[in-house]
Amino acid sequence: MHFVGTFWALVPPIIAIVLALVTKEVYMSLFIGILSGALLYSKFAPIAAAESIFEVMISKLSKPSNIGILIFLVFLGIIVALMTRAGGSAAYGEWANKKIKSRKGALMSTFGLGALIFVDDYFNCLTVGSVMRPVTDRYNISRVKLAYIIDATAAPVCIIAPISSWAAAVSGYTSGDGFRLFLQTIPYNLYAWITIIMVIYIAMSDFDFGSMKKFELNAKNNGDLFSGPNEYQSEQEIPVSSKGKVIDLVLPIVFLIIACIICLVYTGGFFDGVDFITAFSNCVASTGLVLGSFATLIFIFLMYIPRGIITFKEFADCIPEGFKMMSSAIIILVLAWTLGGFCSDVLDAGTFVYNAVSGSNISFSIFPIVLFLIGAGLAFSTGTSWGTFSILIPIVTEVFPEGSPLMVISISAVLAGAVCGDHISPISDTTIMASAGAQCNHVNHVATQIPYAITVAFSCAVGYIVAGFTTNWLATVISAMTTLVIILLILRARENKQA
C-alpha cells in the first residue's frame with residue numbers, strides 16, 4: 001500500500017496529539033507518533049523503520065536554523081539563571097508588587113510586554129515568561145494562564161507586525177512585492193486581532209472557562225500554581241544574591257532586545273548597505289537571535305562581575321543551571337521536529353493537501369473559509385505554521401490574479417488558519433516555547449488553551465464566510481466580533497448558572 005503523499009501522512013501527528021491529550025505524557029506520545037510515521041514510510045519493516053527515525057532526527061538536528069534555536073534556548077536559560085542568581089528577578093518582583101496592585105494588573109502587564117516584544121515569537125515567549133513569572137506568581141495566577149497569555153501574544157502579534165521574523169517569512173513565500181502584500185493582509189488577519197481582543201477580555205474580566213477554570217481556582221484558593229508537580233527546575237532552588245537591583249533584570253532584557261534586533265538586521269545585510277526593511281525581510285532569525293543572546297551574556301558578565309553581584313564561579317555555575325531549565329523544552333522540540341519531518345518531508349503531507357485543494361472545484365467565494373480551516377488543520381497536525389504558509393500561499397497566488405481582493409483575503413485566511421493551528425498544536429515549537437517561558441506542564445498548557453483558541457477560531461470562521469461573499473473589511477470584522485461576543489455571553493451565562 002502506498003502511504004507517501006496521501007492522507008496517511010497526517011496520521012502520525014494525529015496519533016501523537018490524541019495520545020498527548022489523553023495520557024498527559026508528551027514525550028512518549030511524540031515518540032509513538034514518530035514510530036508510526038517510520039512504520040508507514042518503511043511499509044512496516046522494523047529495521048528500516050528504526051533507521052529512518054535516526055535519519056530524520058539527524059537531518060533535523062543538522063539544520064543550522066534548528067541548531068540555532070536550540071543554542072538560543074540554552075543561552076536564554078543561562079540568562080534567566082544569571083538574572084535570578086544576581087537577585088534581579090527578585091528585585092523586579094518586589095518592585096512590580098508595589099506598582100502592580102491586582103491580578104488584573106499582572107495579567108495586563110504580561111499582555112503589554114508580550115505585545116511590545118513583536119520581533120520574534122521564540123524570543124517573545126521566553127523573555128516575557130522570565131520577566132513576568134515572579135509577578136504573576138505573587139498574585140496566584142496559574143502557570144497555564146501565564147502560558148496562555150504568553151502564547152496568545154507571541155505568534156498572533158508577530159503575524160501582524162511588519163518588523164518581525166514572521167513578516168519576513170511570509171514575504172518570502174509570495175511572488176512579486178511580498179512585503180507590500182503582507183501589509184495588505186494585516187487588516188484581514190482575523191485570528192490575530194480577535195485573539196488579542198480575547199486576551200484583553202480574559203485579563204480584564206478575570207473570566208475563565210473550560211479546564212483553565214479548574215487551574216485558576218486551584219491557584220487562587222490553594223496557592224497551587226501548577227495543580228500538580230512542577231516538571232521544571234524551580235528558580236527558587238538557585239541561590240539568590242541580596243545585592244541585586246531592578247536594573248539587574250531590566251538592563252539585560254533591554255540590551256537583549258536591542259542586540260537581537262541589531263543582529264537580525266546584520267544577518268540580512270543591513271550593515272552592507274541594505275535598507276532596514278529589506279534587511280529584516282532577508283534576516284536569518286536563528287543566527288541573529290543566537291548572536292544577540294550571546295552578546296547579552298557578555299554584557300551580563302561585564303555588568304555583574306565587576307560590581308560583585310555574583311562571583312566568577314557563580315557565573316559559571318549558572319551555565320548548567322540554565323541548560324537544565326530548558327532541557328524539557330529541548331527534548332520536546334527535537335521530538336516534535338522529528339515527527340514533523342516524517343509528516344512533511346518523508347510522507348509528504350504537503351503534496352496531499354496541495355492536490356486536494358488545487359484539484360477541487362471550490363467556489364472562489366468560499367475559498368477564504370476553506371483555506372482557513374485547511375490551514376488550521378495542517379498546522380495543528382504538523383506543528384508548523386511556516387510550513388503551512390509554504391504549502392498554501394503558492395496555491396492562492398496561482399488561483400487568483402495579482403491585485404484581486406479575494407487573493408489578499410485568502411492569503412490572510414491562510415495566515416490566520418496556520419497561526420490558529422500552530423497555537424493549539426502540542427507539537428508546535430511556539431507552543432512548546434510558551435510552556436518553557438511559563439515553566440508549566442506542556443500538555444496542561446495545550447489542554448487549557450484549546451477552548452480559548454477554538455472560541456476565537458469559530459468567530460474567525462464566520463468572519464471569513466462573510467469576507468468571501470462581500471470582500472468588505474468592515475462587514476468581516478463586525479461579523480467576527482459579534483460572533484465572539486455572543487459566544488462569550490453564552491459561556492458566561494452558563495458559568496453563572498453553574499455557580
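The side chain of T431 reaches the backbone oxygen of S425 at a distance of 3.4 Å, a polar contact in the sense of a pair of N or O atoms within 3.5 Å, where, within protein, one atom must be able to donate a hydrogen and the other to accept it, and where residues adjacent in sequence count only if both atoms are side-chain atoms. The model is a predicted one, in which local features need pLDDT of at least 70 and side-chain atom pairs count only at pLDDT 80 or more, whereas totals for chains, interfaces and linings use all residues. Residues are numbered from 1 along each chain as its sequence is written, and side-chain values use heavy atoms, with hydrogens and water left out.

T431 is found in helix α22, residues 429-438, where helices (H or I, at least four residues) are DSSP runs numbered from the N terminus. With a relative accessible area of 0%, T431 is buried; buried means under 20% relative accessible area, exposed over 50%, and partly exposed in between, for a 1.4 Å probe and protein chains only. When neighbours within four places in sequence are left aside, T431 is in contact (heavy atoms within 4.5 Å) with D151, D422, H423, S425, H442, H445, V446 and Q449.

Two residues stand out by their backbone angles. Most residues other than glycine have a negative phi. Q439, although not a glycine, has a positive phi of about 55 degrees, and Q439 is found in the loop between α22 and α23 (442-470), where Q439 is buried at a relative accessible area of 3%. T471 likewise has a positive phi, of about 50 degrees, without being a glycine; T471 lies in the loop between α23 and α24 (473-498) and is partly exposed, with a relative accessible area of 34%.

Two helix pairs were examined next. The axes of helix α8 (residues 143-152) and helix α13 (residues 211-222) come within 8 Å and cross at roughly 125 degrees, the axes being lines fitted to C-alpha atoms, for helices over the stretch in contact, with angles running from 0 to 180 degrees between N-to-C directions. V144, K145 and Y148 of α8 make the contact with M212, F215 and E216 of α13. These residues divide into four nonpolar, no polar and two charged, where Ala, Val, Leu, Ile, Met, Phe, Trp, Tyr, Cys and Pro count as nonpolar, Asp, Glu, Lys and Arg as charged, and the others, Gly among them, as polar.

For helix α5 (residues 88-99) and helix α14 (residues 247-267), the axes come within 7 Å and cross at roughly 105 degrees, which makes α5 roughly perpendicular to α14. Here G88, S89 and Y92 in α5 meet D248, L249 and V250 in α14, and by class the contact has three nonpolar, two polar and one charged residues. I100, in the loop between α5 and α6 (103-116), is buried at 11% relative accessibility and, residues up to four places away in sequence not being counted, touches G105, A106, S109, V135 and Y139.

With a disulfide taken as a pair of cysteine sulfur atoms within 2.5 Å, the count comes to zero. C263 is in no disulfide, the nearest cysteine sulfur, that of C260, being 6.7 Å away, and C263 is buried at 13% relative accessibility.

Note on methods: Angles under 35 degrees count as roughly parallel, over 145 as roughly antiparallel, 65 to 115 as roughly perpendicular and the rest as oblique.
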